[in-house]
Amino acid sequence: MDATNSMQTDEMKSKNPTRTVKVGNVIIGGPEFTVIAGPCSIESKDHFYETSMAVKKSGANLVRAGIWKLRTSADAFQGLGQNAFDLIKEVKKQTGMLLVSEITDPRQISDVFDFVDMFQIGARNMHNYSLLKEVGLVKKPILLKRGFAAFIDEWIKATEYIRMGGNEDIVLCERGIRTFETATRNTFDLNAVVYAKAKTNLPVLVDPSHAIGLREFVPQLTYASAAAGADGVIVEVHPDPDKAMSDGRQSLNYATFDDMMRKLEKILDVIGRPLQKL
Ligand code: PEP
Ligand code: MN
């Protein structure tokens, strides 16, 4: 980052050091730690309902679940797409949980506006400036994932495209980057978390599931991120991870998610930042 850029971000921070983003009654970036959990993709009505209820019971504040999946292989499951719309509305009524879900195309903004409560911009679309500009024009909180080959500075600057249209409700999310390492799916960049927290006024979440890609290590990355000052976590949970239609290898089952939540609470206790309770 050159001197001009670092001036911009420092300036941004000094203007409003405590910006929070609200999703319904959930406050991201405030004194409490936020947990978003749920399946990588919605597989059926029962699957979405049961997973939502399980993560709610363990204390998650918001549900995550994919409608459209950008998969490496065009033959792989692409998500239920518009076939999921009706079931989402029904399940949300039953669970009372608000939904974070990725949109991959500007045309989807109006399609899902009424039942997706926070739009996720995925790693593959962080550089899709026309999509960023479009979500900047609507009143909906945005979760901006870091591109897997994006500099921290590019990620921070991408928020300007959203802000341009008037939407200031932006949350950053570190989800791992591509390095020479292949043992793990991506390389979790905790540097980016502490850096973005220090240099911007935006809440910063972590996605340990996509960052490491191996479910047995997801809790450790969660604890480390909480201790390092992340504002929350977004994790993938599935009733039977080995049978998941996408990202099963990195998904926690209900019991391991619950166990993680209990240990996370203890760590948050030590750093004096309670888990958000609704
Ligand atoms: C996801 O959250 O399921 C996802 C595809 O994330 P990312 O864009 O970070 O790969
Ligand atoms: Mn996923």
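Biologist: Where does A65 lie?

Modeller: A65 is in the loop between β4 (62–64) and α3 (85–95). Keep in mind that this is a predicted model.

Biologist: Okay. Is A65 buried or exposed?

Modeller: A65 is buried, because its relative accessible area is 1% and the cut-off for buried is under 20%.

Biologist: Let's switch to the metal. What coordinates the manganese ion?

Modeller: The manganese ion (ligand 2) is held by C40 through SG, H210 through NE2, E236 through OE and D247 through OD. The distances run from 2.0 to 2.4 Å.

Biologist: What spacing do those donors follow along the chain?

Modeller: Reading along the chain, the donors of the manganese ion go C-x169-H-x25-E-x10-D. C40 and D247 link distant parts of the chain, 207 residues apart. C40 sits in the loop between β3 (34–38) and α2 (45–58), while D247 is in the loop between β10 (232–236) and α10 (254–271).

Biologist: Which N or O atoms lie by the oxygen atoms of ligand 1, and how far away?

Modeller: A backbone N or O atom of A123 is 2.7 Å from an oxygen atom of ligand 1. For R175, a side-chain N or O atom is 2.6 Å from a ligand 1 oxygen. For E236, the side-chain N or O atom is 3.3 Å from an oxygen of ligand 1.

Biologist: How much of ligand 1 does the protein bury?

Modeller: The protein buries 96% of the 290 Å² that ligand 1 exposes when taken alone.

Biologist: And where does ligand 1 sit?

Modeller: Ligand 1 sits in the largest pocket.

Biologist: Q120 was on that list. Where is Q120 placed?

Modeller: Q120 is in strand β6, residues 118–121. With a relative accessible area of 5%, Q120 is buried. If you want a distance, Q120 and D153 are 33 residues apart in sequence and 19 Å apart in space, C-alpha to C-alpha.

Biologist: Changing topic: which strand has L99?

Modeller: L99 lies in β5, which covers residues 99–102. L99 counts as buried because its relative accessibility is 1%. From L99 to E32 the C-alpha distance is 19 Å, and the two are 67 residues apart in sequence.

Biologist: What about R163, which helix is that in?

Modeller: R163 is in α6, residues 152–163. R163 is buried, with a relative accessible area of 14%. That's under the 20% cut-off, so R163 goes in the buried class.

Biologist: Which side chain does R163 make a polar contact with?

Modeller: The side chain of E160, in a polar contact of 2.8 Å.

Biologist: Last one. Where is N167?

Modeller: N167 is found in the loop between α6 and β8 (170–174). N167 counts as buried, at 4% relative accessibility. The C-alpha atoms of N167 and K140 are separated by 7.6 Å, with the two residues 27 apart along the chain.

Terms used: Residues are numbered from 1 along each chain as its sequence is written. Chains are lettered from A and ligands numbered from 1 in the order in which they are written. This is a predicted model: local features need pLDDT of at least 70, side-chain atom pairs count only at pLDDT 80 or more; totals for chains, interfaces and linings use all residues. Side-chain values use heavy atoms; hydrogens and water are left out. Donors are N, O and S atoms within 2.8 Å of the metal (3.2 Å for Na, K and Ca); water is not among the atoms, so sites may look incomplete. Helices (H or I, at least four residues) and strands (E, at least two) are DSSP runs, numbered from the N terminus. A polar contact is a pair of N or O atoms within 3.5 Å; within protein, one must be able to donate a hydrogen and the other to accept it, and residues adjacent in sequence count only if both atoms are side-chain atoms. Accessible areas come from the Shrake-Rupley method with a 1.4 Å probe; for residues, only the protein chains shown count as cover. On a 1 Å grid over the protein atoms alone, a cavity is a set of points where a 1.4 Å probe fits but cannot get out, and a pocket is an open set with protein on both sides within 12 Å along at least five of seven lines; lining residues have an atom within 4 Å of a point. A molecule sits in a cavity or pocket if more than half of its atoms lie within 2 Å of its grid points. Buried means under 20% relative accessible area, exposed over 50%, partly exposed in between (1.4 Å probe, protein chains only).
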